[in-house]
Amino acid sequence: MNILIGVFIPFIGTTLGAACVFLTQSKINLNIQKGLFGFASGIMVAASVWSLIIPAINKSDSMGRYAFLPAAAGIFSGMALLLLLDRVVPHIHPDSEQQGKTSKMVFAVTLHNVPEGIAVGVVFAGAVSGDRMITLVGAVALSLGIAIQNIPEGAIVSIPLKAHGYSKGKSFFYGTLSGMVEPAAAGITLIASNLLSPMLPYLLSFAAGAMLCVVVEELIPETAEGDNAYIGTIGFGIGFVIMMILDVALG
């Protein structure tokens, strides 16, 4: 039951964010959006380092000075896959003029939630297996961090849809739908955990690489556009510190 709750925590964050559409009458203020993107970036970078990359390196300590190899290979693999998918999958940003093609936009946002779901599944699989490098509390900390990051993500999906003419109910539905892939990806990873156990260092760092790719390619550029880029920087710092505290204090 604890694992089930932990797996669904990020989805709850997305749902709460999507529900913001019921509290606003217009699209998100650009400066607020910059702050939200920066905040989400900080959460994801800190989660990648403390919850994924460091455990991956620690689990490879038997390789001595080459303990970095699984983590390096996983990071590059995760980035490569996300870059490939971004070219293959129809990619529409929330502020796109093609916003009427809702299914494509939601699918593009959903794509970026896959690595987060894998990350949660891999960490919980490691905790369940009794791995001393990964605790159940640490896995829950990662879920909480991603859930916090998902709140602005859910809002960034649902509120622009409302501004484009969709009803609040439908906007909320699409925003929530974009987060459903996370518990699904986490569940599949958990089911296959016995088979994937020997590859845990690679999988942890693979999820980190995919998440970092999303940050560098999607979120940070959004914070740097136009004026007041410092708002995104402040948001990044706040998100990074919150996730660092969660992981160190609870892990």
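This is a predicted model: local features need pLDDT of at least 70, side-chain atom pairs count only at pLDDT 80 or more; totals for chains, interfaces and linings use all residues.
Ser171 sits in helix 6, which covers residues 168-177. Leaving aside neighbours within four places in sequence, Ser171 is in contact with Val21, Ser158, Leu161, Lys162 and Tyr166. Pro160 is eleven residues from Ser171 in sequence. The C-alpha atoms of Ser171 and Pro160 are 8.4 Å apart.

Ser158 is one of the contacts of Ser171. Ser158 belongs to helix 5, residues 136-163. Ser158 counts as buried because its relative accessibility is 0%. Its contacts, not counting residues up to four places away, are Gly17, Ala18, Val21, Ser171, Phe172 and Gly175. Val21 is therefore on two lists: it touches Ser158, and it touches Ser171, with contact meaning heavy atoms within 4.5 Å.

Leu161 is another contact of Ser171. Leu161 is also found in helix 5. Buried or exposed? At 0% relative accessibility, Leu161 counts as buried. Leu161 and Tyr174 are 13 residues apart along the chain. Their C-alpha atoms are separated by 8.6 Å.

## Overall fold

How many helices and strands does the protein chain have? There are ten helices and zero strands. Read from the N terminus, the element order is α-α-α-α-α-α-α-α-α-α.

The protein chain has 251 residues, and buried residues make up 51% of them. Take the contacts with a sequence separation of 6 or more: 84% of these join residues 24 or more positions apart. The accessible surface of the chain is about 11,400 Å². Carbon and sulfur atoms account for 70% of that surface.

## The largest nonpolar core

In soluble globular proteins, nonpolar side chains tend to be buried together. Here the largest nonpolar core holds 45 residues. Which of them touch the most other members? They are Leu52, Val123, Leu142, Leu204, Leu219 and Met243. Two or more core residues come from each of helix 2 (30-58), helix 3, helix 4 (102-128), helix 5, helix 7 (181-191), helix 9 (200-224) and helix 10 (229-250). Helix 9 gives the largest share, 13 residues.

Leu204 shows what one of these core residues touches. Leaving aside neighbours within four places in sequence, Leu204 is in contact with Ser51, Leu52, Pro55, Ala56, Lys59, Val122, Val123 and Ile134.

Leu111 lies in helix 4. Leu111 has a relative accessible area of 11%, so it is buried. Leu85 is 26 residues away from Leu111 along the chain. The two C-alpha atoms are separated by 8.3 Å.

## From helix 2 to helix 3

Ser60 is found in the loop between helix 2 and helix 3. Why does Ser60 count as buried? Its relative accessible area is 3%, and the cut-off is 20%. Not counting residues up to four places away in sequence, Ser60 touches Ala67, Pro70 and Pro201.

A nonpolar patch lies on the surface. Met63, Tyr66, Phe68 and Leu69 form it. Together they have about 390 Å² of accessible area. Phe68 is found in helix 3, residues 68-88. At 43% relative accessibility, Phe68 counts as partly exposed.

## A positive phi at Asn228

Most residues other than glycine have a negative phi. Asn228 has a positive value, near 60°. Where is Asn228 found? It is in the loop between helix 9 and helix 10. Its relative accessibility is 32%, so Asn228 counts as partly exposed.

## Confidence

The mean pLDDT of the protein chain is 82. A value of 70 or more is reached by 88% of the residues. Over residues 96-102 the pLDDT is below 50. Beyond near neighbours in sequence, this stretch has twelve contacts in the model.

Note on methods
Residues are numbered from 1 along each chain as its sequence is written. Side-chain values use heavy atoms; hydrogens and water are left out. Helices (H or I, at least four residues) and strands (E, at least two) are DSSP runs, numbered from the N terminus. Buried means under 20% relative accessible area, exposed over 50%, partly exposed in between (1.4 Å probe, protein chains only). Accessible areas come from the Shrake-Rupley method with a 1.4 Å probe; for residues, only the protein chains shown count as cover. Patches are made of residues with over 30% relative accessible area and no salt bridge: like charges are joined within 9 Å, nonpolar side chains (Val, Leu, Ile, Met, Phe, Trp, Tyr) within 5 Å. A salt bridge is a side-chain nitrogen of Lys or Arg within 4 Å of a carboxyl oxygen of Asp or Glu. A nonpolar core is a set of buried Ala, Val, Leu, Ile, Met, Phe, Trp, Tyr and Cys residues joined through side-chain atoms within 4.5 Å. pLDDT is the predictor's confidence in each residue, from 0 to 100.
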